[in-house]
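Trainee: I would like to learn how to read pockets, salt bridges and backbone angles in a model. Can we go through them in turn?

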Amino acid sequence: QHATTEASQATLASVSPVFAVMKLDKEGNTTYFEKKKTELYQELGLQARDLRFQHLMSIATRNNRIIMRMEFLKAVVTPEFLLILDYRNSNLEHWLFNELASQLAGEGQLVTYSLPFEFRAIEAILQYRISKLQGRLNTLQPQILETLEALVDPKLLSVDRSKLHILLQNGKSLSELETDLKVFKETILEILDEEELIEELCLSKWTDPQVFEESTSGIDHAEEMELLLENYYRQAEDLANEARELRVLIDDSESIIFINLDSHRNVMMRLNLQLTMGTFSLSLFGLIGVAFGMNLESSLEEDPRIFWLVTGIMFLGSGLIWRRLLSFLGRHLEPPLPPHVPAVLKKSQPAAGRVEIKNNLKAETFGLSRSTLTNE
């Protein structure tokens with residue numbers, strides 16, 4: 001049994017995952033090494049499940065350690081250093097090697113005086129996450145606006161399927177962005193709602209209580225941590241509002257596209273109906289020619305003027321009946337008058353830029369009634 005136990009332990013050790021670790025200290029010095037998962041969580045005083053990273057955002061504390069998961073970023077923050085696990089990722093390389101060290105050394109803080117190391121590490125990671133979300137939104141926004149502007153053009157008789165395919169892909173990317181922003185906000189809000197969680201993020205409180213005392217500005221570090229989290233929560237909320245506006249534009253533009261297609265379809269149906277009525281009128285008076293074309297014996301067919309008389313009556317009668325049918329169709333298909341709309345205060349319009357494009361799309365979306373409101 002002892003030999004079996006040792007063999008099983010050796011097997012577990014051989015399959016234990018190995019982390020490529022990037023370690024950064026307070027001065028921004030960087031070291032790289034590889035270590036097995038079992039050795040790493042034992043050295044940090046954590047449990048195995050604490051290093052079970054998934055592509056979901058979470059911020060947790062355990063044994064005076066902060067464990068942060070943000071999509072591809074896996075980090076462990078301590079009062080003395082920051083560990084980035086599995087740092088060999090193309091999405092992280094630029095930030096890790098060019099920006100992170102300088103931020104940990106003291107740049108980019110929300111306050112002018114020195115903060116504990118964990119504040120700088122949390123701020124750097126949150127700033128990275130917000131910048132990535134902002135970059136995704138900045139990439140999607142012009143593409144969506146350009147596609148919508150091309151699709152809602154009333155001069156187009158048909159919809160470009162390639163544009164619809166691009167809009168569908170951008171819509172899916174926008175939905176993923178909205179989900180990521182929602183998770184980011186919920187994670188931050190969960191911490192802000194619990195005062196104990198905020199204090200647990202202040203690791204220096206447990207290692208060096210003097211550092212945690214009130215700062216020169218009269219605000220203790222727990223409140224500073226709350227302000228830091230609120231700042232990034234507001235930034236995520238602003239991004240979510242912009243993404244929500246794009247979603248509204250997409251939904252409204254879909255309505256415009258359907259209205260344009262219905263309008264063109266109605267024109268074709270009306271033309272088909274007019275041609276059908278013309279054919280009916282001509283066929284109705286064509287019975288006269290059919291009657292005269294029969295082998296009947298009468299004195300009328302001997303008169304050469306009868307042909308032109310009958311032909312004139314046929315065309316004149318067909319035209320009159322067709323005009324009557326068209327007037328009947330016009331009376332019954334005439335759109336009703338729009339209802340009276342009371343005057344409203346005119347809203348100030350932005351000067352230029354992408355906001356102007358959004359307003360143009362919104363104006364087209366709500367149609368004539370919307371433009372009437374704006375003019376009044």
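Mentor: Start with the pocket rule. On a 1 Å grid over the protein atoms alone, a pocket is an open set of points with protein on both sides within 12 Å along at least five of seven lines, whereas a cavity is a set where a 1.4 Å probe fits but cannot get out. Lining residues have an atom within 4 Å of a point. Grid points are joined across faces, edges and corners, and a volume is the space filled by probe spheres set on the points. Before the case, two notes. This is a predicted model, with residues numbered from 1 along each chain as its sequence is written. Local features need pLDDT of at least 70 and side-chain atom pairs pLDDT 80 or more, totals for chains, interfaces and linings use all residues, and side-chain values use heavy atoms, without hydrogens and water.

Trainee: How much space lies in the second largest pocket?

Mentor: The general idea: rolling a probe the size of a water molecule over the atoms shows where empty space is left. Here the second largest pocket holds about 230 Å³. Its lining has 13 residues, and L164, L167, L168, I250 and E254 are the closest to its centre.

Trainee: Which elements give two or more residues to that lining?

Mentor: Helix 5 (161-192) and helix 8 (221-292) do. Helices are DSSP runs of H or I, at least four residues, and strands are runs of E, at least two, numbered from the N terminus. Helix 8 gives the largest share, seven residues. By type, the lining has eight nonpolar, one polar and four charged residues. Here Ala, Val, Leu, Ile, Met, Phe, Trp, Tyr, Cys and Pro count as nonpolar, Asp, Glu, Lys and Arg as charged, and the others, Gly among them, as polar.

Trainee: Now the salt bridges. How many are there by the rule?

Mentor: Side chains of opposite charge can pair when their charged atoms come close. The rule asks for a side-chain nitrogen of Lys or Arg within 4 Å of a carboxyl oxygen of Asp or Glu. The count is five salt bridges. One of them joins E43 and K35, at 2.5 Å from N to O. E43 is exposed, at 52% relative accessible area. The bands are: buried under 20%, exposed over 50%, partly exposed in between (1.4 Å probe, protein chains only).

Trainee: Where do K74 and D86 sit?

Mentor: Their side chains form a salt bridge at 3.2 Å, N to O. K74 is in strand 5 (residues 73-77), and D86 is in the loop between strand 6 (81-85) and helix 3 (93-104). The pair links distant parts of the chain, twelve residues apart. K74 counts as buried at 16% relative accessibility, while D86 is partly exposed at 28%.

Trainee: What do R136 and D180 tie together?

Mentor: First the contact: their side chains meet in a salt bridge at 2.7 Å, N to O. R136 lies in helix 4 (residues 117-151) and D180 in helix 5, so the pair ties together parts 44 residues apart in sequence. R136 is partly exposed, at 27%. D180 is partly exposed too, at 22%.

Trainee: Last, the backbone. Which residue has a positive phi of about 55°?

Mentor: N63 does, although it is not a glycine. N63 sits in the loop between strand 3 (58-62) and strand 4 (65-70). N64 has a positive phi near 60°, and N64 is not a glycine either. N64 is in the loop between strand 3 and strand 4. At 21% relative accessible area, N64 is partly exposed.
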